[in-house]
Amino acid sequence: MNKKQLIQSMAKKMDASQVDTKQQLEQILHVIHRGLAEGEKIYIPQFGTFELRFHLPKTGRNPQTGEAIEIEGFNQPSFKASPNLKQELNN
């Protein structure tokens, strides 16, 4: 399912216009983006948790030359599904 299909499905279930539904979805995504950018965990009951995980800097190798290169540390967004969501998906 892509974003357009998600908006159509939500609009149908909420008996709302797709324009209004798109605006609501955009706001939800914006709040999640902002929260993650500020280092917050976003917990949605019955769904899961969005959070940032920091990957430490490490030394890697250039596969063409074999030269050692330094790979910088970085933040990676991650999602952990709630036990309820996992249970629903496995039934």
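The following exercises, each with a worked solution, concern the predicted model shown above.

Residues are numbered from 1 along each chain as its sequence is written. Local features of this predicted model need pLDDT of at least 70, side-chain atom pairs count only at pLDDT 80 or more, and totals for chains, interfaces and linings use all residues, while side-chain values use heavy atoms, with hydrogens and water left out.

**Exercise 1. The largest pocket**

Task: Determine which residues line the largest pocket and which element gives the most to the lining.

Solution. 

Step 1. On a 1 Å grid over the protein atoms alone, a pocket is an open set of points with protein on both sides within 12 Å along at least five of seven lines, whereas a cavity is a set of points where a 1.4 Å probe fits but cannot get out; lining residues have an atom within 4 Å of a point. Grid points are joined across faces, edges and corners, and a volume is the space filled by probe spheres set on the points.

Step 2. Read the volume and the lining. The largest pocket holds about 200 Å³ of space. Its lining consists of Leu6, Met10, Leu25, Ile28, Leu29, Ile32, His33, Ile44, Phe47 and Phe50.

Step 3. Assign the elements, where helices (H or I, at least four residues) and strands (E, at least two) are DSSP runs numbered from the N terminus. Helix H1 (3-14) and helix H2 (18-37) are the elements that give two or more residues to this lining. H2 gives the most, with 5 residues.

Step 4. Classify the lining. Ala, Val, Leu, Ile, Met, Phe, Trp, Tyr, Cys and Pro count as nonpolar, Asp, Glu, Lys and Arg as charged, and the others, Gly among them, as polar. The lining comprises 9 nonpolar residues, 1 polar and no charged.

**Exercise 2. The sheet and the helix across it**

Solution. 

Step 1. Two strands pair if DSSP finds at least two bridges between them.

Step 2. Inspect one pairing. E1 and strand E2 (residues 48-55) pair in the antiparallel sense over 3 bridges. Tyr43 has Thr49 as its bridge partner in E2. Thr49 counts as buried because its relative accessibility is 18%, where buried means under 20% relative accessible area, exposed over 50%, and partly exposed in between (1.4 Å probe, protein chains only). With neighbours within four places in sequence left aside, Thr49 is in contact (heavy atoms within 4.5 Å) with Lys41, Ile42, Tyr43, Ser78, Phe79 and Lys80.

Step 3. Place the helix. Thr21 lies in helix H2 and counts as buried, its relative accessibility being 0%. Beyond neighbours within four places in sequence, Thr21 is in contact with Ile7, Met10, Ala11, Met14 and Ala16.

**Exercise 3. Positive phi outside glycine**

Task: Are Asp15 and Gln46, which have a positive phi, buried or exposed?

Solution. 

Step 1. Asp15 is in the loop between H1 and H2, with a positive phi of about 55° although it is not a glycine. Its relative accessibility is 72%, so Asp15 counts as exposed.

Step 2. Gln46 is in the loop between E1 and E2, with a positive phi of about 70° although it is not a glycine. Its relative accessibility is 52%, so Gln46 counts as exposed.
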